[in-house]
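Biologist: I would like to learn how to read the features of a model like this one. Could you take me through it step by step?

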Amino acid sequence: MLVRLTYVLVIIIWATTPLAIKLGGDSLEPLASLSLRIALAFGVGCVLSTLAGWQGLMVRRHWQLYLAASLSLFPNMALVYWAATYLPSGLISLLFALAPFFTLLLAGPILGESTLSPRKVAALVLALSGLGVLLVGDEGLPPGSGRGILLMLGANGVFSFSALWVKRLNARFAVPPVEQALGAMAFALPGMGLCWWLTSVGTPLSVSAISLASLLYLAIFGSLVGFVAYYSILRQLSVESVSLIPLITPVMAIALGAMIMGESISVRMLLGASMILIALALHQGVLGRLHGVKPGPQ
């Protein structure tokens with residue numbers, strides 16, 4: 001029961017995170033917003049862990065796991081934040097839904113698992129076709145959308161690589177989710193801070209009320225609670241089960257973006273989104289289960 005509740009919590013956080021990232025850009029540059037978010041989450045997490053009697057990070061023993069997990073923060077999230085300057089929040093969530101296909105292609109080299117099957121190859125082709133629909137033309141999309149889509153594809157690759165590497169290392173280490181999350185933040189922060197400094201020299205830091213609210217939400221829920229919950233279900237469920245989450249979150253994110261940010265939803269975007277979501281359903285065997293047919297080889 002607890003695993004299911006945690007799974008739902010991750011869905012809610014992932015669905016609202018793209019919108020919060022967009023709102024955070026009200027006054028903050030992407031890397032400034034991201035660095036402050038992770039630094040605040042790390043600080044709060046350390047204080048709470050200390051009060052709970054936690055002894056701290058075991059860097060010598062678990063540094064590989066911290067490093068693998070840190071890739072999901074940096075450079076992955078830096079790419080997402082940059083993409084958010086070009087794309088609406090709903091489209092960010094939709095493009096992140098392509099992560100299972102990167103997982104499909106990377107699982108063999110990293111985990112030594114053969115996951116390709118005719119059903120999944122067909123799903124990959126359909127997903128690529130949906131992506132092609134989004135890339136052809138700029139109807140309903142802001143200028144620079146192509147660049148934003150490429151940034152999101154790069155983020156997907158890094159995220160999937162990180163998830164698979166963490167899954168592989170979790171077979172060797174029994175690391176609590178809180179330690180894993182804080183270790184990832186500790187290893188990611190130096191790179192974030194350095195890139196922030198290099199790209200923002202001489203730029204004064206200004207934080208509006210909207211950016212501050214976004215920062216607090218993303219730090220506490222999007223980072224601290226979200227990553228602990230994510231690593232918790234990642235330890236107990238298969239990578240592909242966790243990757244099913246992006247099948248649900250884009251619909252919620254697109255609706256929230258339209259209602260709160262007034263983001264437009266074009267026919268082209270709806271068509272491309274539908275193709276990608278159907279491809280995900282096919283990839284996970286959801287369509288077969290709805291008709292009482294067990295999915296074929298994974």
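Biologist: Let me begin with Leu28: is it buried or exposed?

Modeller: Before that, a word on what we are looking at. This is a predicted model, in which local features need pLDDT of at least 70 and side-chain atom pairs count only at pLDDT 80 or more, while totals for chains, interfaces and linings use all residues. Residues are numbered from 1 along each chain as its sequence is written, and side-chain values use heavy atoms, with hydrogens and water left out. As for the general idea, buried means under 20% relative accessible area, exposed means over 50%, and partly exposed lies in between (1.4 Å probe, protein chains only). Leu28 has a relative accessible area of 6%, so it is buried.

Biologist: Where does Leu28 lie, and which residues is it in contact with?

Modeller: Helices here are DSSP runs (H or I, at least four residues; strands are E, at least two), numbered from the N terminus. Leu28 sits in the loop between α1 and α2. Contact means heavy atoms within 4.5 Å. Leaving aside neighbours within four places in sequence, Leu28 is in contact with Ser33, Leu36, Leu205, Ser206, Val207 and Ser211. Also, Leu28 and Ser208 are 180 residues apart in sequence, yet their C-alpha atoms are 8.2 Å apart.

Biologist: How should I read a pair of packed helices, and at what angle do α2 and α9 pack?

Modeller: Two packed helices are described by the angle between their axes and the distance between the axes. The axes are lines fitted to C-alpha atoms, for helices over the stretch in contact, and angles run from 0 to 180 degrees between N-to-C directions. In this model, α2 (residues 30-51) and α9 pack at about 150°, with axes 9 Å apart. Among the residues that meet are Ala32, Phe42 and Gly45 in α2, and Leu189, Gly193 and Trp196 in α9.

Biologist: And Trp197: is it buried or exposed?

Modeller: Trp197, in helix α9 (residues 177-199), counts as exposed at 56% relative accessibility. Its C-alpha atom is 8.7 Å from that of Ala32, 165 residues away along the chain.

Biologist: How many residues of α4 are buried, and which helices do they pack against?

Modeller: Seven of the eight residues of α4 are buried, so this helix is largely enclosed by the rest of the structure. Those buried residues pack against α1 (2-24), α2, α5, α8 (145-170) and α10. As for α5 (residues 89-96), eight of its eight residues are buried.

Biologist: Which peptide bond is cis?

Modeller: The one joining Phe74 and Pro75, with omega about 15°. Pro75 is in the loop between α3 (59-70) and α4 (76-83).

Biologist: Last, is Ile245 buried or exposed, and what does it touch?

Modeller: Ile245, in the loop between α11 (239-243) and α12 (249-261), is buried, with a relative accessible area of 0%. Not counting residues up to four places away in sequence, Ile245 touches Tyr7, Val10, Ile11, Trp14 and Ile233.
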